[in-house]
Amino acid sequence: MFEAVTGQSLGVFIGLTLILSGGAAMAMGRAIARTWRPIWQIVPYGLLLGAADRFMSYALFQEPLLHLSGFLVCSAILIGLALLAHRIARTNKLLSQYPWLYERAGPFAVRERSGG
């Protein structure tokens, strides 16, 4: 069932998609946040990273290259990881650059500083 959906064996999915490509996706999300670029840029970069992940699965482990559901699932996971890293990095950047305006409201959010 898992291989029918992702087009990869479980070991390849964990090692290549989650660990290797997932780390790249999180670095991409942090880089986009740190340079104040808009969040929508994560989607096209995430799709390119998903295509690179499918190619590496094909080239290294002889998994099927043109597997639409596998591409979509892997790309969605990578985009999700990038969005998570983007939100955390943007929150930390707001707190470090504007400490007089914002305070932490959780790991993913800031709120305006209360009081004077």
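1. At what angle do helix 2 and helix 3 pack, and how far apart are their axes? Helix 2 (residues 10-34) and helix 3 (residues 42-61) pack at about 155°, with axes 10 Å apart. Axes here are lines fitted to C-alpha atoms over the stretch in contact, and angles run from 0 to 180 degrees between N-to-C directions.

2. A word on the source: this is a predicted model, where local features need pLDDT of at least 70 and side-chain atom pairs count only at pLDDT 80 or more, while totals for chains, interfaces and linings use all residues. Residues are numbered from 1 along each chain as its sequence is written, and side-chain values use heavy atoms, with hydrogens and water left out.

3. Back to the pair: helix 2 and helix 3 are therefore roughly antiparallel (angles over 145 degrees count as such). Residues touching across the pair (heavy atoms within 4.5 Å) include L16, L20 and M28 of helix 2 and Y45, L49 and F61 of helix 3.

4. Now the whole protein: it has 4 helices and 2 strands, in the order α-α-α-α-β-β from the N terminus. These are DSSP runs, with helices being H or I of at least four residues and strands E of at least two.

5. What about overall shape? The C-alpha trace spans about 60 × 25 × 20 Å along its principal axes. Of the 116 residues, 34% count as buried (under 20% relative accessible area, with a 1.4 Å probe and protein chains only).

Key
Parallel < 35°, antiparallel > 145°, perpendicular 65-115°, else oblique. Buried < 20%, exposed > 50% of the residue type's maximum accessible area, 1.4 Å probe, protein only.
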